[in-house]
Amino acid sequence: MNDFLKESAIGLDQIQNMDQLWQAVIKCRLHDNPPIPISDVLAMEQIYDQLSPSLTVQDMANVFAGVYIDSYWQDDGQHPEVMAHHLTEALGIRYDTSLPYARSAMKQWRGILCRKNKYDAGSVPQAVYTDSLDIVCNQDVPLTAEQLISQWESEFYKTPKVGKNYIYTRCQNRAFNGKISNISVQMFYVDGGFNQPPSSWVQCRTVNGGKRQGEVLNERGGLALLNMGDKGASEGFILDLRTPQHVCIVSTASYPFFSKNNPLTYTTGNWNSAQWIQYNGAMAWRNVDPQLKSGDESLVFHNQDATPEQFSFVLKCRRVPPGSKLRMYSEDPAAAFDSGLVSVVNNFQELHVSTIAPPHYAGHLKLHLEGPDGKLLPSDAAVDISLLWCVPHSHPQYLQAVTLLGAAHAVPALQSVHMPLGHFTLLGAGE
């Protein structure tokens with residue numbers, strides 16, 4: 001990555017356009033005389049002096065948000081407040097002026113993007129993050145990078161089986177105006193459920209060499225060097241399952257401009273987990289959409305905080321026939337709840353249940369899902385289950401949650417807000 005930019009940014013008297021702006025900022029980040037990167041604040045000062053009047057502070061903030069992302073990243077994700085302070089220090093503008101620039105800059109992910117869902121074009125945060133098109137499982141049939149990239153919109157996906165499965169991550173450079181190389185990928189799996197901390201994830205190894213980190217390849221199978229618009233796919237990993245339990249698959253991509261993208265190092269906590277996932281375009285998560293194995297199912301859920309926290313489960317029916325019977329419950333006295341056995345009267349009925357989970361809690365949501373004939377739900381039926389974290393106005397993360405959710409209307413009335421902490425779909429398997 002350090003050898004691609006020796007061109008027009010050198011010797012520029014004035015930065016005339018966005019291409020030159022990107023090149024100039026990247027050159028500051030890759031500064032090699034001496035071989036110490038220039039800080040973003042010093043780079044802002046230098047760049048602003050060279051900036052053409054046709055380019056704005058917002059243009060500059062957009063580029064710095066991509067090139068200097070590590071400077072604005074804390075344990076739990078991107079922080080526009082950090083960039084705003086740096087803009088104020090470098091340019092001498094007021095903080096209340098710089099903050100809108102920073103917030104706007106960080107609405108778009110500008111590095112390596114792994115789609116969180118099929119509609120993901122890089123906007124952050126992404127609340128719906130559990131159905132990534134870019135995590136591929138093809139059971140015991142290997143795929144090539146050429147297949148994964150040339151058939152970009154194809155899911156290929158097959159529900160993982162007991163035993164060894166081949167899994168892959170796809171990624172792309174959508175909005176970084178430079179060549180990104182040295183991209184590495186980690187892949188994990190975890191018991192199916194909600195808000196699982198990385199301490200519960202199991203790391204997968206590559207097919208070749210059993211490495212913890214795999215390389216990103218181009219269509220020819222060589223190491224990827226991604227210009228803006230280019231796509232890549234990881235080498236294969238092995239997902240080795242010992243039981244038929246529901247699982248989630250997680251991947252993270254790292255590259256030289258974003259070395260902090262490591263799920264194993266961020267601080268545990270409900271907020272940190274939600275923020276890290278929703279503001280991180282370089283990670284992907286895929287919940288398996290498994291068929292029901294029986295009328296009784298179980299999914300894990302966690303309270304990562306050191307304080308009791310309130311959670312709600314919301315079950316939404318899709319084509320569940322009237323006369324079916326549903327139940328959500330926990331038999332654990334530490335976090336007991338029970339919706340009771342509810343009869344379905346509407347194809348799109350909802351079921352809600354809440355509980356207070358103790359500190360650092362790991363428990364199970366139990367489900368009873370029964371069709372009108374007393375057997376499994378029919379094959380065209382599904383239930384979508386979400387976990388919501390209730391954040392009251394007295395909570396330390398309340399204003400952050402309001403900002404992330406765009407729920408400013410809740411503040412005057414001191415209303416609680418509800419942070420999404422995961423989503424799972426179960427498919428019917430009956431006749």
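In what order do the 4 strands of the open sheet stand, and is their pairing parallel or antiparallel? The order is β20-β16-β22-β23 and the pairing is antiparallel, where two strands pair if DSSP finds at least two bridges between them, and where strands (E, at least two residues) and helices (H or I, at least four residues) are DSSP runs numbered from the N terminus. This is a predicted model, in which local features need pLDDT of at least 70 and side-chain atom pairs count only at pLDDT 80 or more, while totals for chains, interfaces and linings use all residues. Residues are numbered from 1 along each chain as its sequence is written, and side-chain values use heavy atoms, with hydrogens and water left out.

At the edges of the sheet stand β20 (350-357) and β23 (417-427), each of which pairs on one side only. Strand β16 (residues 309-318) is joined to β20 in the antiparallel sense over 8 bridges, and within this pairing Gln-310 stands opposite Ile-356 in β20.

Helix α7 (residues 270-278) lies across β16, β22 (382-391) and β23, running at about 65° to β23; axes here are lines fitted to C-alpha atoms, for helices over the stretch in contact (heavy atoms within 4.5 Å), and angles run from 0 to 180 degrees between N-to-C directions. Helix α8 (residues 398-405) also packs on the sheet, touching β22 and β23, and its direction makes about 55° with that of β23.
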